[in-house]
Amino acid sequence: MLNRLLKRVSKPLMNEVRIDMNRHDKIWLATSIGFFATIAIVGRLFPHEYNFVAFGGLALFCGSYLRGFTALVVPLAVYLASEVLGRLNGLPGMSVSLLLWILAGYSFQVMIGKLGGKFTRIGESKSGSMLSGISAVIVAAMIGSIGFFVITNFAAWLDPRMGYPRTFAGLISAYLSGLPFYRWTLIGDVFFGLAFFSSYYGLIQLQPRLQSERHP
């Protein structure tokens, strides 16, 4: 029954995950992404430190494991879903222009996940070392959070409601004002990036044992 449920939930993503995976691994990967997406949405709806969210980690994970345009669509769709649910639950929304810049920031993180490739997939680097994979995830999360910070604070500088002068000094002021928020962006991206990559790695390592118990 569980296997049937997993197949039903993960079927839309089955053809978009890495081609070097067998069908069973694809089911678990797609199901894991669904679980991570749920964490990201629910985490945003509950009280949390500003910018301590799971979307950056999800974007890195999808960029690393999903193929083609799907790697971009999934995390952006998850973020948009959280935005809609947040507004329905009384959370303050944002302007369309700022929303587009935020999506651009997460798109950058997807690209970093793709560039990281097998280096960020724990246990799949040339050395096969778990430590090297964890290190790669941390580096990718740091680069992704910096890119997100640069993109979104540039958007804040362009937004007339923020009151920054359209000068170089105004741009620097926008970035300096955003630094206190960057701390939680970085912590969130590293934390959830490590959580998603390492928990999926642990699941993959556990699969042979689960299969042997089901088929002694």
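## Tyr 79 and its contacts

Setting aside neighbours within four places in sequence, Tyr 79 is in contact (heavy atoms within 4.5 Å) with Arg 44, Phe 55, Met 94, Leu 99, Ile 102, Leu 103 and Tyr 106. The model is predicted: local features need pLDDT of at least 70 and side-chain atom pairs count only at pLDDT 80 or more, while totals for chains, interfaces and linings use all residues. Residues are numbered from 1 along each chain as its sequence is written, and side-chain values use heavy atoms, with hydrogens and water left out.

## Nonpolar cores

Tyr 79 is also among the residues with the most contacts inside the largest nonpolar core, together with Phe 61, Val 78 and Tyr 106; this core has 39 residues. A nonpolar core is a set of buried Ala, Val, Leu, Ile, Met, Phe, Trp, Tyr and Cys residues joined through side-chain atoms within 4.5 Å. Buried means under 20% relative accessible area, exposed over 50%, and partly exposed in between (1.4 Å probe, protein chains only).

At least two residues of this core come from each of helix 2 (23-45), helix 3 (55-65), helix 4, helix 5, helix 6 (130-158) and helix 7 (168-214). Helices are DSSP runs (H or I, at least four residues), numbered from the N terminus. A second, separate core of 8 residues includes Phe 149, Ala 156, Trp 157 and Ala 174.

## Helix 4 against helix 5

Helix 4 (residues 70-88) packs on helix 5 (residues 96-116) at an angle of about 140°, and their axes are 10 Å apart. The axes are lines fitted to C-alpha atoms over the stretch in contact, and angles run from 0 to 180 degrees between N-to-C directions.

On the helix 4 side, Ala 71, Leu 72, Pro 75, Leu 76, Tyr 79 and Leu 80 take part; they meet Leu 99, Ile 102, Leu 103, Tyr 106, Ser 107, Val 110 and Lys 114 of helix 5. These contact residues divide into 11 nonpolar, 1 polar and 1 charged. Here Ala, Val, Leu, Ile, Met, Phe, Trp, Tyr, Cys and Pro count as nonpolar, Asp, Glu, Lys and Arg as charged, and the others, Gly among them, as polar.

## Two residues of helix 6

Asn 153 is in helix 6 and is buried, at 11% relative accessible area. Not counting residues up to four places away in sequence, Asn 153 touches Ala 174, Tyr 175 and Gly 178.

Met 142 also lies in helix 6, but is partly exposed at 39%. With the same exclusion, Met 142 touches Tyr 182, Leu 186 and Val 190. The C-alpha atoms of Met 142 and Asp 189 are separated by 7.4 Å, although the two are 47 residues apart along the chain.
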